[in-house]
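Here's a chain to walk through together, with the model open beside the text.

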Amino acid sequence: MICITVVEDNADLLDDVVFNLEREGFDVAGVGNGVELDASLAGRGCDVLVLDLGLPGEDGLSIARRLRRSRPAMGILMLTARSGTEERITGLEGGADVYLGKPVDMRELAAAIKSLARRLGLERNPGWRLNTRQLRLHGPAGEIALSGLECAILGTLADAEDHKASRRSLIEALGADYLAYDERRLETLISRLRRKLADCLATGAEAGSGGDNPLRALRGQGYIFAAPLQRV
């Protein structure tokens, strides 16, 4: 799922854009200014930024310039009433990948985001993304709601080299004492998490995606998440 953050100080327009993009299947957050944007980015991933220029406080062009430096892989789509040729050139030179004028047809906006996502390689990314703040796992086959303990397990695997983690590291990630912990509790957690993944993948297979369960045991070692996995 492509993660989008919309920055728009008009509350009604912000609600409209967020609503329509969510209907298109995007994971969308809406904020009203640069301060709120920075707070959102600190706790949530963002693949594509939909950015107004005329914002209170820091303006959209300044935001685009600094985020282009700090997050070069993020797509930036400017959506603004400033649609003159010189303003479009300034916006594109200032860091925007796409520049659209208001008012915009929501179908055109969604199509522009999908086109930008293809250019960035987001739609070809078969990996899973772990949102620890929302306790959600987003994957090519759908989305899974997680418990706090399940999220801790996946977070440990996401951070580990090759997504491999020992039983001890997983148990300690749960906040438990390895020497006193009943490892059957870990096996139960892993089994429940594998069932959630299997159910999600089965649903995805019906829709043309899916795949093998990536959470697997490593004999005598621990567990591996055998697919790309990252925190967002």
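Start with Arg129, which sits opposite Gln230 in β12. This is a predicted model, so keep that in mind throughout. The strands involved, β6 and β12 (residues 229–231), run parallel and are joined by 3 bridges. On its antiparallel side of the story, β6 also pairs with β7 (residues 136–139), again over 3 bridges. There, Leu130 has Leu137 of β7 as its bridge partner. The two strands make a hairpin with 4 residues between them, and Leu135 in the turn has a positive phi of about 55 degrees.

Which way do the side chains of β6 point? Trp128 and Leu130 go one way, Arg129 and Asn131 go the other way, and all of them are buried.

Strands β10 (residues 215–218) and β11 (residues 222–225) pair in the antiparallel sense over 4 bridges, with Ala217 opposite Tyr223 in β11. This hairpin has 3 residues between the strands, and Gly220 takes a positive phi near 75 degrees.

Here are the strand pairings side by side:

| Strands | Sense | Bridges |
|---|---|---|
| β6 and β12 | parallel | 3 bridges |
| β6 and β7 | antiparallel | 3 bridges |
| β10 and β11 | antiparallel | 4 bridges |

Now for the nonpolar cores. The largest one holds 27 residues, and Trp128, Leu137, Ile153, Leu157, Leu186 and Phe225 touch the most other members. At least two residues of this core come from each of β6, α6 (148–159), α7 (167–173), α8 (183–206) and β11. Helix α8 gives the most, with 7 residues. Take Ile153 as an example: apart from neighbours within four places in sequence, Ile153 is in contact with Leu170, Leu174, Leu186, Leu189, Ile190 and Leu193. There's also a second, separate core of 23 residues, which includes Val17, Val48, Leu116 and Ala117. As a general point, nonpolar side chains in soluble globular proteins tend to be buried together.

An α-helix has 3.6 residues a turn, so residues three or four places apart point the same way.

At its start, a side-chain oxygen of Asp105 comes to within 2.7 Å of the backbone nitrogen of Arg107. Just after the helix, Gly121 has a positive phi of about 80 degrees.

Is Glu22 buried or partly exposed? Its relative accessibility is 42%, so Glu22 counts as partly exposed.

Stepping back, the protein chain has 8 helices and 12 strands. Its C-alpha trace spans about 65 × 35 × 30 Å along the principal axes. Of its 232 residues, 46% count as buried.

Key:
Residues numbered from 1 in each chain as written. Predicted model: local features only at pLDDT ≥ 70, side-chain atom pairs only at ≥ 80, totals over all residues. Heavy atoms only, no water. Pairing = 2+ DSSP bridges. Polar contact = N/O pair within 3.5 Å; in protein donor to acceptor, adjacent residues only side chain to side chain. Core = buried A, V, L, I, M, F, W, Y, C linked by side-chain atoms within 4.5 Å. Buried < 20%, exposed > 50% of the residue type's maximum accessible area, 1.4 Å probe, protein only. Contact = heavy atoms within 4.5 Å.
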